[in-house]
Amino acid sequence: MSLAHPQEASKNLTETTATKQVPDRNGRFGDFGGRYVPETLTRALDELVVEYDRAIKDPDFHAELNELLHRFVGRPSPLYHAKRLSKQLGGAQIWLKREDLNHTGAHKINNTLGQALLTLRMKKTRVIAETGAGQHGVASATACAHFGLPCVVYMGSEDVRRQKPNVFSMRLMGAEVRPVESGSRTLRDAVNEAMRDWMSSVENTHYIIGSVIGPHPFPMMVRDFQSVIGRECREQCLSAIGRLPDTIVACVGGGSNAAGMFYPFVDDHSVRLIGVEAGGRSSAAGDHASPLSYGSPGVLHGSYSYVMQDEDGQTSDVHSMSAGLDYPGVGPEHSYWKDSKRVEYTSCRDDEALGAFDFLARNEGILTALETCHAVAKATETAKTMSPDQHLVICLSGRGDKDAAELARLRGQAW
Amino acid sequence: MTSIDDLFVRLKAEGKKAFMPFITAADPNLAFTRKVLHKLDQLGCSMAEVGIPYSDPIADGPVIQASYTRALGNKVKLHDIFDQIALEKPNLSMPMVSMVSYAIIHRQGPERFVEDAMTAGFSGAIVPDLLVEESSSLAKICAAKKFNLIQLVTPTTPRERALKIAEQSSGFLYFVSVTGITGERTELPPDLVERVSWLRERTPLPICIGFGISKPEHVKLLAPVSDGLIVGSAIVRLMEQAAVSEQSALLAIEQLVTALLQAAGN
């Protein structure tokens, strides 16, 4: 009989139990994450690691960020008991964590304020960002206007078309929106262009990545800034229902609202966590944007994670009607949670998400972002299988005003 | 010793510098890639760097991006590239290295990638998105198979780190001239010569400079302080014409490369 090598033993352990003590100093969440970027960016990433570490140990940093989150963003966001919706479905009690009520209408502002503060601490004088649905672009433009930083937002030209209201908002706040014409002209291409800008501007520019993707330390840092969602939700559940919820559902594109919601609950094994990817038109290749459901581990945009790729490692084209989920990759911590089975990942088709939009609009009077509708659709399905004394929380990550024109177009209605 | 090591020993003895053009494989097709390689070899290029087209090249400027997009638009596969390079290899006297994203290497499996690249006739690989921290397992495989793993140093690399990268690199060290992406520049950074000279005194590895080099005057300035020069976008820009006329693209490449070779003193 031979004893397992200690490293192998610990590896076996991580395959069955997810821990909050990730990533390691190399940015690894189990096997996932790391840093796969050109050497040019290394110094800036190392600086960011150092400055972030200093900031989170600095009470003044927390005080300033918390004050902004409270008085500028309007946190804590409410945990709302959707009684009519719950009754309609006849299953679990449904609670909505109302990130859509934040200033700028989504969770994205939690991260951009944190990173804008870091930009100032690093004495950088310019900000760049990528955006898909435009919510991160708006949140970056907002944070930059607040702090007086110039801001350039890269956005695929297809997304510029389908998220016009957000493009206009960004420009109103003084940001420059640069449409990206390469590739599929969506979020993935916007990330490529922002990275290329950063390659040349890295000495004076900070790149505010909007999701839990990219090279270390971005996946960890964005998760931490977004974890305010899950921390508040945990406390609100304890006070409103006297215990933790049974199930939490969030949508996953890059995965920042889900990471922020799930992370504080990782050790609470009684809480079932469900991440919902964009199922698009069908499960056929090219018809969806569900790397955790249908992809395989690979390298994209600076980290190792599940990705939609062909047999050569070329990134595949993906589809989702929602610009924010129309992305072939996903944050490395989600890959870690998937492989350790801590989070269940599933996908929801365009038409199911559209149905959920109407259902929530008519039963609760809430217009929800198309991205978030994917979570709503799976949550209503799941709630029906649960009993009325159980509790399910949906991370209501964004509001749907931005999607009105696109919805009209999808339905062939006048706008 | 790989054929790249041999090349630099020979060049040093002759008092010459390496001149290394970069071309994209399969732009617009692999038959043309073979013709260009043949031409570059005939003109006396020391080595060729062959770019494996990748869907998301974040270190590349618009010229090489567009070239990769054209190549991938024709649905070219990695093993088509390897097969055609292998057919051309016996006609070439210069060694070849591949420029390839780690996304592609990972997908093949590093061991299989190195084996297949060697079978195709490549002597080494430049992996622009593999940092020295992440490179040790690939470096081990390369060392065991006598395949060069050429790493990159940039203007933002601190000096101590540059020495560490030089230690982990083999064949030669790729010194990136500018903080930025690939593409022609009119001006190169004023401290480039000083930075390269500093490093060159501290490593036995040959140092070749690339990114932004497009003109004979760049080559004249940098040849004396380095062991070789790499020119990419200026050549790839000319490959675009091949879709219209291969003849005129080849002629334009010949004219540019001849002028650059002269400037390098070869």
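Trainee: Among contacts in chain B between residues at least 6 apart in sequence, what percentage join residues at least 24 apart?

Mentor: In this predicted model, 74% of those contacts in chain B join residues at least 24 apart in sequence, where a contact requires C-beta atoms, placed from the backbone, to lie within 7 Å.

Trainee: Which elements of chain B give two or more residues to the side that touches chain A?

Mentor: In total, 30 residues of chain B are in contact with 26 residues of chain A. The elements giving two or more residues to that side of chain B are helix H3 (62–73), helix H5 (102–108) and strand S6 (152–153), with the largest share, five residues, coming from H5(B). By class, that side of chain B has 16 nonpolar, eight polar and six charged residues.

Trainee: Turning to chain A, what makes strand S3 (79–81) and strand S13 (343–349) edge strands?

Mentor: Each of these two strands of chain A pairs on one side only, and pairing here requires at least two bridges between two strands. They belong to an open sheet of six strands with mixed pairing, in the order S3-S4-S14-S9-S10-S13 of chain A, whose neighbouring strands are turned by 25° against each other on average, direction ignored.

Trainee: How do you know that S4 and S14 of chain A are paired?

Mentor: The requirement is at least two bridges, and strand S4 (residues 93–98) and strand S14 (residues 391–396) of chain A have six, in the parallel sense. Within this region, Ile94(A) stands opposite Leu392(A) in S14(A).

Trainee: Which strands of this sheet does helix H11 of chain A touch, and which does helix H16 of chain A lie across?

Mentor: Helix H11 (residues 228–241) of chain A packs on the sheet and touches S3, S4 and S14 of chain A, its direction making about 45° with that of S3(A). Helix H16 (residues 370–384) of chain A lies across S4, S9, S10, S13 and S14 of chain A, running at about 150° to S9(A).

Notes:
Residues numbered from 1 in each chain as written. Chains lettered and ligands numbered in written order. Predicted model: local features only at pLDDT ≥ 70, side-chain atom pairs only at ≥ 80, totals over all residues. Helix = DSSP H or I, 4+ residues; strand = E, 2+ residues; numbered from the N terminus. Axes fitted to C-alpha atoms, helices over the stretch in contact; angles between N-to-C directions. Contact = placed C-beta atoms within 7 Å. Nonpolar A, V, L, I, M, F, W, Y, C, P; charged D, E, K, R; others polar.
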